[in-house]
Amino acid sequence: MCRVLSAAGRMLRILAIVAVAWSPPATESRAAAPVEVAFGHVDITPKLDRHRPVYMAGFGMNRRATGVHDPLYARTVVLKINGEKLAFVSVDLIGLQYPAVKQIRAGLADYKYVMVSSTHSHEGPDVIGIWGSSPFRCGVDFRYVDDVCKKVIANVQETEKKLAPAEVRYGTAEDESLLGDSRKPKVYDGVLRAVRFDAPGKKAPAGILVQWNCHPEAMGSRNTQLTADFPYATIAALEKKYGCPVAYFTGTVGGLLAPPDHVVKDEAGNELKEGDWAYCERYGQMVADLAAKAVDAAKPIDLAPVVVSAKPVAVPLENTLYQVARAIGVLQREGIEWTGNGEILGKPVSIKNSRAALAVETEVAYLRLGALHIACIPGEIYPELIYGKYQDPVEPNVDFPEAPLEKPVAEILPDDKWLLFGLANDEVGYIIPKRQWDQRGPFAYSGKRQYGEINSCGPEVAPIVMRALENRVREARGEESDVIVPLGRKERPADSSNELAQAPAKGDELTIGVAAVDITPPVGYRMSGYFSERPSTGTHDPLHAKALVLRQGDESAALVICDLIGLAGEISHQARTAAEKQLAIPAKHITIAATHTHTGPLYFGALRNHLHDVAKAASSDGRDPREAADYPKQLVERLVEAIARADKARRPARIAAGISRRDDLSFNRRFHMKNGTVQFNPGKLNPEIVRAAGPIDPDVGLLAVQDASGKPIAALTVFALHLDTVGGTEYGADYPYYLQQSLRQKFGDDFFSLFGTGTCGDINHIDVRHDRPQKGGEETERIGTALAETVAAELPKLAASKSPRLGVRSATIEVPLARYSAEQLAAAKQDMFKVGQRKLPFLDEVRACTIVDVALRDARGDGLLRMEVQAIRLDDETAIVCLPGEVFVELGLAIKQASPFERTLVIELCNDDPAYIPTRKAFAEGSYETVNSRIQPGGGEALVSTAKKLLDELKQTK
């Protein structure tokens, strides 16, 4: 089963070679002529080398091949009809990508059409990317992919030399009992289709083409030997029976159509189990027996004239997991701008259209070979789309209950003699009928999330692919294509009910309290956010610590969010420990987060310590005039006070959660440049910019606190955008201040707004596509007001949770600190005297502060940084994850996608601020954030893994 969208990696340079899409016009050769055919094969088994592990595709990550059970092959059928050559190639791979197919076609330019499909073997090498050593490591060996392309080209050319006249027969046989379907509703394509080629005048076949509809995953996830899975046994049995070459092609496998349970038995009648070679080989024999029925019953068929209608199409990449995987380099495939029309390809994604919706280019083709019709589908098509076996009436709770039904393949193709090549020329994941799409809770089909949607580009793929196939048939007939209008989405109406939930038992009643305390330092205290001394000159709006306390039965939790650049770990520890002692809320159940405002106090870290020491040394009394007040001590006291006030203010309340969207306020600030580097904030309209180096997170996460009538009385908003919009030397909360002011205008002066900063280590508000100024109070107010509009529109729609279920998990991990030598530390300490003096390049200032701060954090001398991850369950569909540091957006998106909860809000800068937490990919690219990180590569990915584990525990715990 294909886990995600296919990737092509270094095939980008191949795209430059095949810049014009390979798409021959629909042409016809009408003069009948004898058919010539040839079969060939070439071994494409990767070499096993302990220094270059082969990651196996199809199941979990880091499944390394340990041996070879049977070779992997590319099997070729070359046809020559009326002088025109066609090549059909089947590779024992999970899914060869469209850019690789383009490379193959470039080497076979004299062919009328070349189709390369994959058997979808789950026991071959990863040629997509997502089955590497970790979720953040691409598993593709691109040298291997390149070698496969070269071998296929050479094999087609060699096979062509063996062309010989043939008479053609077509036959089918059917047995649905050979298939299992793990997707509801259970629908099968149990028809095996075969084409046999006989030497003229002879009754024995000279070659056989078989098309069957089953996932090659009989060996299961524990096998680590490379194999073609059951097709190897099917081919071997047929070749032995008929004494001729056999080529196996995969057809309909979406659904998930796989080898069945309780059906495969040995000769003694004993049931065989998946994952055993006897099972795999016996199932392959059973498919061969069915194929023999089709071969023996085959009737003569004419393959002339030849008509080919093939055209690239675009499918929108709506799956956030795919977008993240692409952004972090796991999926290395070029994107194009989504135009809203599947048959109009957009421009390659670049800086000028990087905010446009993303799509990928693929291909749908139709071939008419005389009386035989062939559909080439670029993914794992669901069987419902073959025969139109749609569920009627529609299953309750599906996302698009009124979506038009796609015309199925059996109605699109002109006759009943046909082949369907699945994973043809590409692998774009599952192709699911839109009316069956079910990604949003409450879920259809027994209330459980199903597998297919996780591994599909999105709900528009099926409508696009099926309409494209219909248009290819029309074009082959000489008719005009249907006009395709931009695809819209009519989703299931949002549940806007605010009816009272059934009251829980008294002992389990949820009570919630909110409170705020002022944490504004005295004017004159140093301000944070930049690498210079910046004394405050006033207060634009007071800084606050806002607390939310929840209790239910024996469970309790507190979330405090402060208008600060970050939380010093020691401050957080002292406050949480004191609050636990005073209020009996476990310290591990208390989260203290910072919004990351750049107009708050500088009260911890290497730069603060340096400026503080310099000021004391320069003063006559040995005191720092900028720190007349002991702000850290006062901060601890006020944090505890905020929690205590919120706990005292608790009352019975309801919670409601939701996710809205805002994609016009945030921008990835890291860019690929023409010189091959990655830079952060390269400047507006910089002509050297190529494209953004990563995604954004447009989710606006919402947690509303409602009174008994359903009125919102407080809300937590989570959004991934840096708080550095205003600048200046006045204290202020940045745009969350205007968020609160606007919401109070809507919901009343007593409405309480908390803002949690989402993962935005590489995100800010700067749109480099224009030169308009984006700094200062007007910009801050614009962003806060715009965000408030989204929140205000969504809050009244949120339905209260019927079964709140508070739960908290916490785990502390150790990750390696960045390493610096004693000489580097000594030099950095000297460079600290130049920081903010314009005597050093900016990145050298950053590096000096980083090196000194790493030394401060390594007080134990073990070179490890302790980082705590917390997860809070609010109900069975909603959770909050709390992370330390400035976390890259890709990591937050990965947590959301991996979460078993329908809604997961991820907040950064919780309990500690170890500066930036980049991805491995970003570390390799370099630039400001990686220089300003205290950890070694891999620490961010460790946070993701830990968060996933905690979320899974909460989901499973009653």
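**The second largest pocket and the overall fold**

The second largest pocket of this predicted model has a volume of about 920 Å³.

Visitor: Which residues are the closest to the centre of the second largest pocket?
Guide: The pocket is lined by 33 residues. Those closest to its centre are Ala568, Gly569, Glu570, Arg857 and Asp912.

Visitor: Which element gives the largest share of the lining of the second largest pocket?
Guide: Elements that give two or more residues to this lining are α10 (569-583), α12 (631-648), α16 (842-857) and β39 (864-875). The largest share amounts to 8 residues, and the element that supplies them is α10.

Visitor: How many residues in the lining of the second largest pocket are charged?
Guide: By class, the lining holds 14 nonpolar and 9 polar residues. Asp, Glu, Lys and Arg count as charged. The number of charged residues in the lining is 10.

Visitor: What is the radius of gyration of the protein, and why is the protein described as being as compact as a globular protein of that length?
Guide: The protein has 20 helices and 43 strands. For 958 residues the globule rule gives 30 Å, and the value for this protein is close to that, so the protein is as compact as a globular protein of that length. Its radius of gyration is 31 Å.

Visitor: What percentage of the residues in the protein is buried?
Guide: A residue counts as buried when its relative accessible area is under 20%. Of the 958 residues in the protein, the buried part is 61%.

Visitor: How much of the accessible surface belongs to carbon and sulfur atoms?
Guide: The accessible surface of the protein comes to about 36200 Å². The part belonging to carbon and sulfur atoms is 50%.

Technical notes
Residues numbered from 1 in each chain as written. Predicted model: local features only at pLDDT ≥ 70, side-chain atom pairs only at ≥ 80, totals over all residues. Heavy atoms only, no water. 1 Å grid on protein atoms, 1.4 Å probe; cavity = no way out; pocket = protein on both sides within 12 Å on 5 of 7 lines; lining within 4 Å. Points joined across faces, edges and corners; volume = space filled by probe spheres on them. Helix = DSSP H or I, 4+ residues; strand = E, 2+ residues; numbered from the N terminus. Rg over C-alpha atoms; globule rule 2.2 N^0.38 Å. Buried < 20%, exposed > 50% of the residue type's maximum accessible area, 1.4 Å probe, protein only. Areas by Shrake-Rupley, 256 points an atom, 1.4 Å probe, with all protein chains shown as cover.
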